[in-house]
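Colleague: Hi! I'm new to this one, could you walk me through it?
Modeller: Happy to, here it comes.

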Amino acid sequence: MTYFFETYGCQMNTAESAALDLAAREQGWKRAESGEGADLVLLNTCSVRQTAETRLRGRLAHYGALKKKRRTSFTLVVAGCMASRLGDRLRKEFPAVDYVMTAAARPLFPRILEAAAAGLPLRESREAPVFSFSSSHLEEGAFRSFVPVMHGCDNFCSYCIVPYVRGREVSRSPGSIAQEISLLAGKGVREITLLGQNVNSYRFFPGTGNSGENGETLDFPGLLEKTISWIGGTSISWVRFLSANPGDLSPRTIAVMAENPCFCRHIHLPVQHGSNPVLAAMNRRYTRESYLELARSLRKALPGLTLSTDVMVGFPGETEEDLEILLALMEEVRFLYAYMYHFNPREGTAAWNLPGRIPESVKKRRLSRVIVLQKEHTLELLKSRIGSREQVLIEGISRKNADELIGRTERDEMAVFPGPADLVGSFVRVELLTLRGNTFRAELRD
Ligand code: SF4
């Protein structure tokens, strides 16, 4: 039996697809090259923007047509945020869909595989599914892995669908995280990323999760401290976390990072906007001033730290002056890179009903100003690094040239350099020589 996954959206979906991939392999299934001939096709979907859902509807229509055309049928599964948001409505809209699997229903996947292999329908369970964390699956030859530590979000930013589709925050038990880290270390992993929609609001209450957990409530800085001890003496040298909410990044978290070089000197810290009225309308729970203060404290405590971010323009009510204030914040912080987009109303969120919608043409114009400025900053920051010597983790062989290796610095900069393939997975020192696009050309140094 063969399967094919299409994964869209955030790193959480990537990690969850990896877990489903592992489940399929454990049952003896093989990965197909494409969805065209596979026995099971799974779309791990994203609802964050309307455009993402529109694209996925196109994919579902494609597989619906394929089902009609193919002589032997196949099982079509929809997982991820569209599954949670639309539920069985998806099956009505696309009768070719066999299963709509919410994140909480993921433990049912092995049974879906069994039913698909036997050509029988899945027997429905009466119990409501409860979300549980699953182990990551490491791609062959990979040295970096996500470790999901929390799921869901309680923040309810007014534009965001995530709290509605992923549900309330659930934190994974420290015992289960430790187990997974030890498993990954056993496979020679060198870098882990602690993953959660709102990772730094991690809070585990003993007795609420897996059994056997005693002691006090564990918060995010406490989790970082434990992670240091879990990776001690193993192959894992670098630790990152994603995505941090600026409103929840505590001084203790900064102090733990500052004392421990295993925490990479890069943080993705989504600002979304730089103007206080817009931040308040977005329900972001921090101000321009507190964000700038946080960026200053981080850079003071962690010299050389790079910051990346998410920026949204065209939120209802945003004025030209708000845009200028956002650009000024970007000038002050100087992000290494940013994911930039314009507001897209999502039905079911608080922002759906907000007055003052901005015309598309204005949103596009404002977005292009943000993009132009960010490109300048990226280039300027990268250029300033030319000539420096850096440690990189070699992630693989360059796709463009088999004699070249590709690596990443702890500051999240990419470098390509000549070197032997047996170095893949190791830390080396390189000198950053020139830039091609946003990637450094480099050479190995002692
Ligand atoms: S913090 Fe805000 S933007 Fe991020 S997932 Fe939660 S509600 Fe969405």
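Modeller: One term before we start: helices and strands here are DSSP runs, numbered from the N terminus. Also, this is a predicted model.

Colleague: Thanks! Where does R172 lie?
Modeller: R172 is in the loop between β8 (170-171) and α7 (174-186).

Colleague: Is R172 buried or exposed?
Modeller: R172 counts as buried, because its relative accessibility is 3% and buried means under 20%.

Colleague: And what does its side chain make a polar contact with?
Modeller: With the side chain of S176, at 2.7 Å.

Colleague: New topic: which residues touch the most other members in the largest nonpolar core?
Modeller: Those are I192, F241 and L298, in a core of 53 residues. Helix α12 (residues 320-333) gives the most to this core, six residues. Domain 2 (140-264) and domain 3 (289-384) each supply at least three.

Colleague: What is I192 in contact with, leaving aside neighbours within four places in sequence?
Modeller: Its contacts include V147, I181, L184, W238 and V239.

Colleague: What other core lies apart from the largest one?
Modeller: One of 22 residues, with A38, F74, M82 and V100 among them.

Colleague: Back to strands. How many residues of β12 are buried?
Modeller: Five of the five in β12 (residues 238-242). W238, R240 and L242 are buried on one side, and V239 and F241 on the other.

Colleague: How many bridges join β9 to β12?
Modeller: Five, and β9 (residues 191-195) and β12 run parallel. Within that pairing, L194 stands opposite F241.

Note on methods
Residues are numbered from 1 along each chain as its sequence is written. This is a predicted model: local features need pLDDT of at least 70, side-chain atom pairs count only at pLDDT 80 or more; totals for chains, interfaces and linings use all residues. Side-chain values use heavy atoms; hydrogens and water are left out. A nonpolar core is a set of buried Ala, Val, Leu, Ile, Met, Phe, Trp, Tyr and Cys residues joined through side-chain atoms within 4.5 Å. Buried means under 20% relative accessible area, exposed over 50%, partly exposed in between (1.4 Å probe, protein chains only). Helices (H or I, at least four residues) and strands (E, at least two) are DSSP runs, numbered from the N terminus. Domain bounds come from an automatic or database domain assignment. Contact means heavy atoms within 4.5 Å. A polar contact is a pair of N or O atoms within 3.5 Å; within protein, one must be able to donate a hydrogen and the other to accept it, and residues adjacent in sequence count only if both atoms are side-chain atoms. Two strands pair if DSSP finds at least two bridges between them.
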